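Here's a quick tour to read alongside the model. Keep the sequence and the 3D view open as you go.

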Amino acid sequence: MEWLNAIIQGILLGGLYALFAVGLSLVFGTMRLVNLAHGDLTVLPAYIGLIIVGTGVHRFNPLYVIPIVMVIMFIFGYALQRGLLNFVVQKGEVQGVIVTFGLSIVIMNALQEAFTPNSQRLQVGSLNSASITISDQLAIGWLPIIIFILAVVVIAALQLYMGRTMMGRAFRAVSDDQEAARLMGVNTKHVWGVAMGVALLIATIGGVMYGIRTTFHPMLGADRLIFAFEAVIIGGMGSSWGTLLGGVILGVAQLLGSFAFGPAWSILCGHVVFVIILALRPQGFLAKTVTA
Amino acid sequence: MSLLELEGVNVFYEDFQALYDITISVEEGEVFACIGANGAGKSTMLKTVAGLLIPREGRVLFDGQPINTMPPYKRVELGISSVPEGRRVFPSLTVHENLLMGAYRKRKGPWTADAIYELFPLLQPLRRRQASGLSGGEQQALAIGRALMANPRLILMDEVSLGLAPVVIKRIYEAFPTLLENGCTILVVEQDVQHVLTVAGHVACFLEGRIALQGIPSELSNEQITAAYFGV
């Protein structure tokens, strides 16, 4: 039964990884920018949530704070794109990597300076430990289930947004052919701003939910970035459901590894499975690539 | 007043000068043809009008208003729309979505998706298909339809006949009168002189970045055009 427990926890963890990864994939898809600061940009909203929740008498439930942080991160993402990243997007991939690497370091150190390197947590009272007991050895926490459902809802909503709205179509058109999109009247600078805003809005859900589920500290960004990359690559570029599948595979690999070899092996097992999949199926499982 | 005027336009790619002192004026409601060999600067001129390139010297006027440094999306709002060279339809979008992208700026006018399907009936059964699976002729019809969806006052067409079967080229040129009736002015660039001269009100022949000959097609002799085209 314990291995079944590991698999279920792994699947649920995959939902969290997908929430971290979808924004990374969206940004790469629309502007070919490898955003190395994406991991840190998922840590930042948890701290913004911490500020809003406050430590005094006026305690908000962190769950209610999520929409506020989403709006803040959307605006921050739009401003970041138009004020900084738009200047490097068209200059080639190396420039984008250098700038976002710098940004990653700035965010991490700013968070350390402002909040200390100590671990923090967003408390939601009894929900933190509430669980469904299926048998003696198998109990599933409500929080991981909620996070997984959120991931499914977010991805379904993103699919609808990409498929049914003018801005979503513009994302895909710009991804296909940036110059042709400009000739159709698309202001690419604005569209990229919105894309970054949406990416960080989704990252906020993952970042804050993680902060509710367990403790967080300013140095988490680098690991998250790698997990997000792995989820995107395993699932296949350009497919949101693929990203969820990739997150689930990574989560299951990590927790089964932990169950089989001990907790210290968890992360390594995830990486090994990733490398095997990369070798056998480099395009990922659900890749959607179309060329003219 | 002309709809589009270029006055002494010089355009550079970095240090390389691609256009020298180009002066043309396109009247409302006509077909203006730019012909010339590969690399003569015709497409560069269209990109300058569309806003992808900014002239280093000279003026570009649309409806009397200077638009030299205006970004492409604002030009689309004014009514300048493009059929780019190589068609450049969005491969991952469906035919219908491609048409909707043409209407991104939501300009009012006679062209709707239904009107496009009426103009090019071959697109009707393909509306849910991904544009990447279309034939060259279908993609070209789609690219023209997409540009019309912007309800343009001026439509820029770059090498619309390139690589297409003669019967398809004929069908595309047959659509021109419908476009003109609906208030479009057409600025067309072609290497293939034959078809375009039968529909054009004015022609400018490009040679190595300069206009070698300009006039009304019926008043120009074949010898003059050949000489300007090849520079002999």
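This is a predicted model: local features need pLDDT of at least 70, side-chain atom pairs count only at pLDDT 80 or more; totals for chains, interfaces and linings use all residues.

Residues are numbered from 1 along each chain as its sequence is written, while chains are lettered from A and ligands numbered from 1 in the order in which they are written.

**The six-stranded sheet of chain B**

- Start with the open sheet of 6 strands in chain B, which runs E6-E7-E8-E3-E9-E10 with mixed pairing. Helices (H or I, at least four residues) and strands (E, at least two) are DSSP runs, numbered from the N terminus, and two strands pair if DSSP finds at least two bridges between them.
- Strand E6 (80-83) and strand E10 (210-215) of chain B are the edges, each pairing on one side only.
- From one strand to the next, the twist averages 20°. For angles, axes are lines fitted to C-alpha atoms (for helices over the stretch in contact), and values run from 0 to 180 degrees between N-to-C directions.
- Helix H5 (residues 136-148) of chain B packs on this sheet, touching E6 and strand E7 (154-158) of chain B, and its direction makes about 170° with that of E6(B). Contact here takes two residues whose C-beta atoms, placed from the backbone, lie within 7 Å.

**Strand E3 and its neighbours**

- Strand E3 (residues 31-36) of chain B pairs in the parallel sense with strand E8 (residues 185-190) of chain B over 5 bridges.
- Two of the pairings to look for: B:Val31 has B:Ile186 in E8(B) as its bridge partner, and B:Ile35 has B:Glu190 in E8(B).
- E3(B) also runs parallel to strand E9 (residues 202-207) of chain B, joined by 5 bridges; there, B:Gly36 stands opposite B:Phe206.
- In a regular strand the side chains alternate between the two faces of the sheet.
- B:Val31, B:Ala33 and B:Ile35 point one way from E3(B), B:Phe32, B:Cys34 and B:Gly36 point the other way, and all are buried. A residue is buried if 20 or more other C-beta atoms lie within 10 Å of its own, exposed if 12 or fewer, and partly exposed in between, with C-beta atoms placed from the backbone.

**Strand E7**

- E7(B) is mostly covered too, with 5 of its 5 residues buried.
- B:Leu154, B:Leu156 and B:Asp158 point one way from E7(B), and B:Ile155 and B:Met157 the other.
- E6(B) pairs with E7(B) in the parallel sense over 4 bridges, and B:Val83 has B:Met157 as its bridge partner in E7(B).
- E7(B) and E8(B) also run parallel, with 5 bridges joining them; B:Leu156 is partnered by B:Leu187 in E8(B).

- You'll find B:Ala147 in helix H5 of chain B.
- B:Ala147 counts as buried because it has 25 C-beta neighbours inside 10 Å.
- Not counting residues up to four places away in sequence, B:Ala147 touches B:Ser81, B:Ser82, B:Val83, B:Gly102, B:Pro152 and B:Ile155.
- B:Leu99 is 48 residues from B:Ala147 in sequence, and the two are 8.0 Å apart in space, C-alpha to C-alpha.

**The four-stranded sheet of chain B**

- Chain B also has an open sheet of 4 strands in the order E2-E1-E4-E5, with antiparallel pairing.
- Its edge strands are strand E2 (16-26) and strand E5 (65-66) of chain B.
- Strand E4 (residues 57-62) of chain B is joined to E5(B) by 2 bridges, and B:Phe62 has B:Gln65 in E5(B) as its bridge partner.

**Helix H11 of chain A**

- A:Cys269, A:Gly270, A:Phe274 and A:Ile277 are buried in H11(A).
- Seen down the axis of H11(A), the buried residues fall within an arc of 140°, so they line one face of the helix. The arc is that of the directions from the helix axis to the C-beta atoms.
- The face turned away from the buried side of H11(A) carries the exposed residues A:Val275, A:Ile276 and A:Ala279.
- The buried residues of H11(A) pack against helix H9 (221-235) and helix H10 (240-261) of chain A.

**Where the chains meet**

- Chain A puts 18 residues into the contact and chain B puts in 23 residues.
- On the side of chain A that touches chain B, H6(A) gives the most, with 6 residues.
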